[in-house]
Amino acid sequence: MKLKTPLILASLVAAFGVSSAMAQFAPIKVNGEEISVATQQTLAAAALSTMEDAHSVLMDPKKGQAFEEDARTVAIEQALMSQYARKMGYDKDPKVKKSLELLRNHTLAKTYLSDYVAKHPITPDDIAKAYDKIKADYGDREVRLRHIFVANDVVANELMADLKAGRPFAEVAMKHSIDKKSAPKGGLLDWSSPKIYEPAIQTEIAKLKPGQTTQPFKTNEGYEIIRLEGEREAKDFPKLDKETQQYLYRRLTDERLNQYALTFAPQDKAIDQMEMDAILAKRAIKEGFDKRSDFLTAYKSQEAAFLMEVAIDKALEANPITDKAIETDYAQGVSAYGKREVKLRQIIVKDPKLAQALLERVQKGEDFAKLARENSVDKATVEKGGLTDWIPEGQFVSSLRATVSDLKPGQIAKTLITTRMGHHIVKLEEARQPKGFATLDEAREQIRAKLAARRIAALIEEQKAAAKIEMEKAPATAFGPQGQPAVKGTDLKPVPNFVKPAAKP
């Protein structure tokens, strides 16, 4: 049986070097219910551990302060909406109660595993050994291949005959290979270890010298013809830098948690995650984990988040987004976008007398583009003779929109148009039906989601307006005046896969 246990928050926090000291919070009371500092820190740590730009948040005082404020806002909104869910009796619904039971089990299981990994941490020696093993598996040789991949041997043999007759390999691959990723590049594959490929392919590669081509051969998924373009010493394998160490820490921690969890699983049958959670939760309760503050903080936060989702779902069920509302919003969007997209040629100058003189000159037939290059102050279009890109009419300021909407292609506006940029002499070069605007059917679900988000935001604001929210003054932010964080280990960029996945050549 193979069971994947999710990497728990505590191990993520440890892997990223983020601690509860990374942000400064103070208790908050929402309608008399306290949101503890620990709860706010848990929310912040969970959010930070999933952010691609976590490093910049830790290092930039302004971003750090905004992040702390966002964490407080989320905590308050979750508390308000979970209170609303209870007031409406949603927590008494049998399905909701069952979900809360499963959530409690899952949180207990994560807390139990978190305690194990804290007592049995991954060491630098573990990381070094894992790195050496993966590096050895990768090998010291990289190859660059071209390949033709087809479904059956008949086609493969026909294409081999074409190659023997002198037809270029890249041309055959581009036209006939069914590998959509490499075919447009003439079947070319990037440099990689030959060990990323299945054994049959590795065997054939080993027989080749640069420039040589295999005979057609069978693989697990079809038939291949491979040409070895080049070989070299391995260069693409990553160094054991901080990024790689962090990746290996997370990977090894995940594996250790898996192995530990599986020691409690029955050996005679496969079980799913919910069953595994229940087994671990039972052990956790037996050992008193349900009384521990780390469990209580984590569960309270997750329970509030879940009840907030329930409240949102119930609110939308009771007052669904109708087709009429979607169509009305779409019509408003079309109106704001405009009925046409246009390309203008325009001259913009600051002096009204010069503008009038230029208008008269273009009306008499002088070269509009030449006058634009010589006189316009519009840096975006002056080098192009005043020519704009395609612009929706709805994006123009009202005075320009009113004038342009009456023009036909080739026409010059009879009067100057004044905006904050200056005085415009305008010619409509081209017009077309909007191409950048989705149809109603294409936009329907996006509009539904937008309207639902507005409705939920209004419900949350309604709860806030009626609530009593008391916030103590928080200590000074942990993000220092020079951007120095109150934690170690700030290299938090996402780490790419350590070894490329096995792939069809």
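1. Which residues does Y112 touch, not counting residues up to four places away in sequence? In this predicted model, where local features need pLDDT of at least 70, side-chain atom pairs count only at pLDDT 80 or more, and totals for chains, interfaces and linings use all residues, Y112 is in contact (heavy atoms within 4.5 Å) with Y260, F264, L280, R283, A284, E287 and F289. Residues are numbered from 1 along each chain as its sequence is written, and side-chain values use heavy atoms, with hydrogens and water left out.

2. Y112 also belongs to the largest nonpolar core, which has 35 residues, and together with M81 and L280 it touches the most other members. Such a core is a set of buried (under 20% relative accessible area, 1.4 Å probe, protein chains only) Ala, Val, Leu, Ile, Met, Phe, Trp, Tyr and Cys residues joined through side-chain atoms within 4.5 Å.

3. Among the elements giving two or more residues to this core are α4, α10 (242-262) and α17 (440-466), while α5 gives the most, with nine residues. Helices (H or I, at least four residues) and strands (E, at least two) are DSSP runs, numbered from the N terminus.

4. An open sheet is formed by three antiparallel strands in the order β2-β1-β10, with β2 (33-35) and β10 (469-471) as the edge strands, each pairing on one side only. Pairing requires that DSSP finds at least two bridges between two strands; β1 (residues 28-30) and β2 have three, and K29 has E34 in β2 as its bridge partner.

5. Helix α4 (residues 61-87) lies across β1, β2 and β10, running at about 25 degrees to β1, where axes are lines fitted to C-alpha atoms, for helices over the stretch in contact, and angles run from 0 to 180 degrees between N-to-C directions.

Technical notes: Buried means under 20% relative accessible area, exposed over 50%, partly exposed in between (1.4 Å probe, protein chains only).
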